[in-house]
Amino acid sequence: MPPNSSAAAGEAGRRQGPAEQGGTAGEIAGMVVIQCIYALVCLLGLLGNSLVIFVILRYAKMKTATNIYLLNLAIADELFMLSIPFVATSAALHHWPFGRALCRTVLGVDGLNMFTSVFCLTVLSLDRYIAVVHPLRAATYRRPRVAKMVNGGVWLLSLLVASPIPVFAGTAATRDGQAVACNLLWPSPAWSAAFVVYTTLLGFLLPVSAMGLCYLLIVGKMRAVAQRVGWEQRRRSEGKLTRLVLMVVAVFVVCWMPFYVVQLVNLLLPGRLDATVNNASLILSYSNSCANPILYGFLSENFRHSFHGVLRRCLDASLCCCHAGDRDGDEDEEEEEPLDYCAVPRGDDKGKGCVCPPLPCQQDPLHPQPCCKPGPLLTKTTTF
């Protein structure tokens, strides 16, 4: 029973031998459509996630804690896209032509990034929970250095959870002996069934439950303190990023739920689903990785402006235009990320523990020298 995307494609190919490769005209047309969709998803995923990675690494203003988590998600999605050519080829040929070593590598990387993606989304949801429900602790936990350490922990956890995949991955001849399939070769069918339940729990049900709990607590917090002084401003600033992460989580659930449902159906009712259903669930799961950059472009002003800046540089041909683009980029970098903030209690005149940059000096036009006067706390600082 296939526990992940590449193994599912191998299982679909194993059910059909080379004698069935010709098929009817409708089957051939369907396979051509599937291959085109695979190619489109792979192209969009590679380009989109590469753009996200470049933008976050290029612009200083994008190096916030939340964006570093998004960077980790983009890296996982980028690596996940690299499995598509192998899966598409195997589905088209109904045969694995790449050998045992590459089979283990593809399935191992596929499983690793599948778990990394969902764990990244869980961390993003926890980040939103801390930002909204525990704002006074945000200055401590929501820092780029902490985010990098958490990302390292996510990869280690994913490596541990996905470790059985490269161990048991391998190639085997199909029942008719005319083709080779790349799959997980378990000692007994009970191991296969247990691993399907294992991946469904750790790769979908438990993380999605944790995400849902985080957003329920966020909604409860917003309703409980909606009337407090100063809450409306913070609600507007936090709402944008919270909606972005919530949409990313929702798209993940929509794209991955059919895949896990298909795996459970294959476990309970083996042989009932044909290769088309398996391929459709695979394509939908892979499409999640190319959908995230599109969501960033539509729902985040910072990402949208940064995307435009990068695209302008790619289109500019002259040196003068390039310099103008650099100035535009500098202006963008001066814009603060309005959603990663620190919070200090009201009355802390010295702003102890605050990591936000100080306010610029306000220059009085009637005096030749600027004058900095103590004023209220930063507009992006939460006060209670």
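This note comments on confidence, annotated segments and helix packing in a predicted model.

1. Basis of the note. Residues are numbered from 1 along each chain as its sequence is written, and side-chain values use heavy atoms, with hydrogens and water left out. The model is predicted; local features need pLDDT of at least 70, side-chain atom pairs count only at pLDDT 80 or more, and totals for chains, interfaces and linings use all residues.

2. Confidence. The chain has a mean pLDDT (the predictor's confidence in each residue, from 0 to 100) of 76, with 72% of its residues at 70 or more. The pLDDT is below 50 over residues 1–6, a stretch that has 36 contacts (heavy atoms within 4.5 Å) in the model beyond near neighbours in sequence. Residues 8–22 also stay under 50, and the model has 30 contacts for them beyond four places in sequence.

3. Annotated segments. The unreviewed UniProt entry lists residues 32–57, 69–92, 112–131, 152–173, 193–220 and 241–260 as "transmembrane region"; such positions are given in the numbering used here, feature names are shortened, and annotations may be inferred rather than shown by experiment. Over residues 69–92 the model is 92% helix and 0% strand, with the end C-alpha atoms 36 Å apart. Residues 112–131 are 100% helix and 0% strand, and their end C-alpha atoms lie 28 Å apart. Helices (H or I, at least four residues) and strands (E, at least two) are DSSP runs, numbered from the N terminus.

4. H3 with H7. Helix H3 (residues 65–81) packs with helix H7 (residues 144–161) at about 30°, the axes being 8 Å apart. The pair is therefore roughly parallel, a class for angles under 35 degrees, with over 145 roughly antiparallel, 65 to 115 roughly perpendicular and the rest oblique. Axes are lines fitted to C-alpha atoms, for helices over the stretch in contact, and angles run from 0 to 180 degrees between N-to-C directions. The crossing is right-handed. Among the contacting residues are Ile 68, Tyr 69 and Asn 72 of H3, and Lys 148, Val 154 and Trp 155 of H7. By class, the contact has eleven nonpolar, two polar and one charged residues; Ala, Val, Leu, Ile, Met, Phe, Trp, Tyr, Cys and Pro count as nonpolar, Asp, Glu, Lys and Arg as charged, and the others, Gly among them, as polar.

5. H3 with H5. H3 also packs with helix H5 (residues 100–133), at an angle of about 160° and with axes 9 Å apart. The two helices are therefore roughly antiparallel, and H3 passes H5 in a left-handed crossing.

6. H2 with H12. Helix H2 (residues 25–58) meets helix H12 (residues 301–315) at about 100°, with axes 10 Å apart. H2 is therefore roughly perpendicular to H12. Among the residues involved are Phe 54 and Arg 58 in H2, and Phe 303 and Arg 313 in H12. Eight nonpolar, one polar and two charged residues make up this contact.

7. Pro 164. This residue is found in helix H8 (residues 164–168). Not counting residues up to four places away in sequence, Pro 164 touches Trp 186 and Phe 195. The C-alpha atoms of Pro 164 and Leu 184, 20 residues apart along the chain, are separated by 9.2 Å.

Key. Left-handed = near helix turned anticlockwise from the far one by under 90°.
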